[in-house]
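Here are my notes on the packing in this model. Please read them with the structure open.

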Amino acid sequence: MTGPDSPERARRDFSHLLSYGDYLRLDTLLSAHQPLTAAHDEHLFIAVHHVSEVWLDLIVRELHAAMSLLAAGVTDAPLKMLSRVVRAQEQMTNAWEVLKTLTPADYLEFRGAFGQASGFQSAGYRMMEFLLGNRNPAMLGPHEHRPEVHGPLLAAMSAPSIYDLALRLLSARGFALPPEVLERDYAAPYAEDPAVLAAWLAVYRGPQTHWDLYELAEKLIDVEDNFRRWRFNHLTTVERTIGFKAGSGGTSGAGYLRRALDTVLFPELWQVRTHL
Ligand code: HEM
C-alpha cells in the first residue's frame, strides 16, 4: 500500500543529506554509554545520570538566558524561560521513578567499579545551584583540575544570582532596598533583610499594580519547590539503595543529603506568606 500517508513516501536516501542521527550526533551521544561492568543494571544507572545531566544542561542555558534579560530589566521572556526550567525539573524528578527499580543488590553488582565518582562532582548541578544562589566555595574543589569547568563556576559564584537580579528589579521599580542587599558580596551566603520582605509584601498585597514582579516571585517559588522535590526524592532513593552508608564522594551520605534539605534559596518569598 503506497497511499499519501504511507511510510514509503518519506525520504529514505541520506547518503548526501543530514539525517536525524547526524544532526543530533547520536553516535557521539550514545558512545558515552560505557558500563564498567557486565551488570545488567549498570545500564539503567548510567542512562538516568545521563538524562539528568542533559536536563541540567538545558536548565543552566535557560537560567543564563533568563538572568541576562532580568539584568536588563526585561521580565516577560524570562518568565517563559523559567516555566521551561520548572518543566525540566519535573522530568529530573520523575527520573527517580525509573531509578527506584534498582535494588540494593542490583547496585552492589557494579558499585565497586566507579570508585570515588559521585553526583557531588556534577558541574551541571553546581552551576544550577550557583545561579539559583546556593553557593559554597568548597563545592569548587572537585573542579579545580579542570579550568574550563572551574572558571565558569567561579564566575557564577561571584556574580548576582537570579534572586539578586530579582531584588535589583524591585529596586529599579522604586522599592527602597539598602546597599548591603544590592551591592553585597555575591560569593557570600545571602542574608535575609526586612526591607526585602517589605518590598515583596507590597508586591503580594497589590498584585495588579506589580503583576510581572508577582509572577516572577511565584515562578521562583515554583523553581525552589521543584528543587526541594528533586532533593527529597534523591535522598529517599539513596536511603533505599545504600541505606546509611557513606557516599562514594566522601560525605556521610544520607545525613549530608538530609541536611541539604534545610537550604532556602529565596527566603523572603517564603516569609511573605506568613505576613500576608
Ligand atoms: C542509586 C543512585 C544514587 C545514589 C546511591 C546516590 C548517592 C549519593 C550520595 C550518597 C551523595 C552524597 C555525596 C557523596 O558523598 O557521594 C550524592 C550526591 C549527589 N548526587 Fe546522587 N546518588 C544516586 C543517583 C543520582 C542521580 C541519578 C543523580 C543525577 C544527576 C545524582 C546527583 C547527585 C548530586 C547532584 C549530588 C550532590 C548533591 C549536593 O551536594 O547537594 N545522584 N548522591
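1. The largest nonpolar core of this predicted model has 43 residues. Leu63, Met127, Met128, Leu131, Ile162 and Ala166 have the most contacts inside this core. At least two core residues come from each of α3 (42-71), α4 (76-99), α6, α7, α8 (162-172), α10 (194-205), α11 (211-242) and α13. The largest share is that of α3, with 8 residues.

2. Take Leu131 as one of the residues with the most contacts inside the core.

3. Which residues of helix α7 are buried? In this helix, residues 147-157, they are Leu153, Ala156 and Met157. These residues sit on the same side of α7, because they cover an arc of only 100 degrees around the axis. Their cover includes α6 (123-132). The face of α7 turned away from the buried side carries exposed residues: Pro147, Glu148, Gly151 and Ala155.

4. Now to α13, residues 267-275, which holds Val272. Is Val272 buried or exposed? Val272 is buried, because 22 other C-beta atoms lie within 10 Å, and the cut-off for burial is 20 or more.

5. What does Val272 touch, not counting residues up to four places away in sequence? The partners are Leu197, Trp200, Leu201 and Tyr204. Val272 and Val203 are 69 residues apart along the chain, and 9.8 Å separates their C-alpha atoms.

Notes:
Residues numbered from 1 in each chain as written. Predicted model: local features only at pLDDT ≥ 70, side-chain atom pairs only at ≥ 80, totals over all residues. Buried ≥ 20, exposed ≤ 12 C-beta atoms within 10 Å, placed from the backbone. Helix = DSSP H or I, 4+ residues; strand = E, 2+ residues; numbered from the N terminus. Arc of directions from axis to C-beta. Contact = placed C-beta atoms within 7 Å. Core = buried A, V, L, I, M, F, W, Y, C linked by C-beta atoms within 7 Å.
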